[in-house]
Amino acid sequence: MLEQRKLSRLGIIALLFILASCSQARPVGPAYQTVLDKLDEPHGLWL
Amino acid sequence: MVKAGKNPENQPAESNPGTVIVNSGALTCVDLAGQRRRVIENLPYVLYTESGVSASPTGVAEMDGTLYLLTGEGYGDLSRKLLRLGTSGTPQVVADFLKFAAQGKPLEYISPSSIEANPYAIIPDPANRRFSMTDGASGQVLSAGLNSEIGVFSPTEDHLVVTGIARGPVGLAYFASFSQLPHSAGAGAIYRLQPESSAAVTLGNLTTPIALAFDRAGRLYTLQSTPLRMHLKGCVLEFIYTDAEANPYPGKTGRLLRFERQSDDWSSGQVLVEGLTYPTALLFGSDDSLYVSVYGAFSPADSGRVIRFVGLADRKPGQSPF
């Protein structure tokens, strides 16, 4: 029973470690959004 | 936002061998609430079917609260013109680049396709009551006054394919060039227009730069379109067809680059965004957000988008591309 608990804890720690690694590996970039879509070959822009 | 108008099935198309001609170009406006409306439509558009290259309305700018539209190569009455978009809804021709390029020859006896005039990008020059624009066919930067006068602002090397233009530090204008044909990797450049109408390379070793912009710190941003797969065989330019779609222009290779300013030069650069599909235009908003148009060429109807990036100006040198 004690061994099973130890294994469970180790499993949880390993899972947290993997999640943390994935989080660090994910590229963090600037936010972006589509302001206009369904266009045909858009060219010049003006604000 | 200028929309080329690739959707010929909606309109009767006049077709010459190898071309589809249709009046489907438009200017679309979107407000802060996201509401969109067509400012003008039924503008000339031409698609060269063999290469997939198209020409259409290409640039838009404002002066004194009035919108002006630049149209590129084509075969309609409004092709290769600077148009004023007044409140009447009917565009007025301000400058005629086709007539200017014909150099006084009667247009009725000349094939329009043989005249080198393909205006591409435009910026206002309100102090001189004129606009400056690149002409991708003649390889020159032209000026067009509100009084309809056209002049060669800066001659460049023969047949340099010039693209984007923007106002940079100290009010000088800068323009991008793909290079002469064929456009090999690293042959593109950014030029600075000097007040005495000469042009000098200020940043080289680029590949097909199609648009440029500057942030408040004077850093230079440029969109690299995509290397073109073509080569010269004798005197004939040939496309190199390599993929299943027989497309000489590979997509999804567009990149947004930023170069740090060092005195009057921009030498150290980094890739900010990669994987852009046929990007064509770049513009800074007043809040430092950056607008990029993508799927701007060789793309299916309705696939074009304008994307707004927030926080790109805050990216530190050395950070990996987004």
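Predicted model: local features only at pLDDT ≥ 70, side-chain atom pairs only at ≥ 80, totals over all residues.
Let's start with chain B. If you take the contacts in chain B with a separation of 6 or more, 40% of them link residues 24 or more positions apart.

One piece to pick out is an open sheet of four strands in chain B, in the order S10-S11-S12-S13, with antiparallel pairing. Strands S10 (119-125) and S13 (150-154) stand at its edges; each has a single partner strand, so one side of each has no neighbour in the sheet. On average, neighbouring strands here are turned by 30° against each other, ignoring direction. Inside this sheet, S11 (residues 130-135) and S12 (residues 140-145) of chain B run antiparallel and are joined by six bridges. To find the pairing by eye, look for Ser132(B), whose bridge partner in S12(B) is Ser143(B).

Now for the nonpolar side of things. In soluble globular proteins, nonpolar side chains tend to be buried together. The largest nonpolar core in this model has 81 residues, and the members that touch the most others are Phe175(B), Leu212(B), Leu282(B) and Val292(B). Take Phe175(B): leaving out neighbours within four places in sequence, its contacts include Val141(B), Val162(B), Ile165(B), Tyr191(B) and Leu193(B). Thr134(B) and Gly164(B) are also among the contacts of Phe175(B).

Ser179(B) has a positive phi of about 115° although it is not a glycine. Is Ser179(B) buried or exposed? With 22 other C-beta atoms within 10 Å, Ser179(B) counts as buried, because the cut-off is 20 or more.

Finally, see how the two chains meet. Chain A brings 20 residues to the contact and chain B brings 41 residues. On the chain A side, those residues divide into 11 nonpolar, five polar and four charged. Strand S1 (residues 31-39) of chain A pairs with strand S26 (residues 304-310) of chain B in the antiparallel sense, over six bridges. Within that pairing, Thr34(A) stands opposite Ile307(B). In the segment after S1 of chain A you'll find Glu41(A), another residue other than glycine with a positive phi, near 45°. Glu41(A) is buried too, with 27 other C-beta atoms within 10 Å.

How values were computed:
Residues numbered from 1 in each chain as written. Chains lettered and ligands numbered in written order. Contact = placed C-beta atoms within 7 Å. Nonpolar A, V, L, I, M, F, W, Y, C, P; charged D, E, K, R; others polar. Pairing = 2+ DSSP bridges. Helix = DSSP H or I, 4+ residues; strand = E, 2+ residues; numbered from the N terminus. Buried ≥ 20, exposed ≤ 12 C-beta atoms within 10 Å, placed from the backbone. Core = buried A, V, L, I, M, F, W, Y, C linked by C-beta atoms within 7 Å. Axes fitted to C-alpha atoms, helices over the stretch in contact; angles between N-to-C directions.
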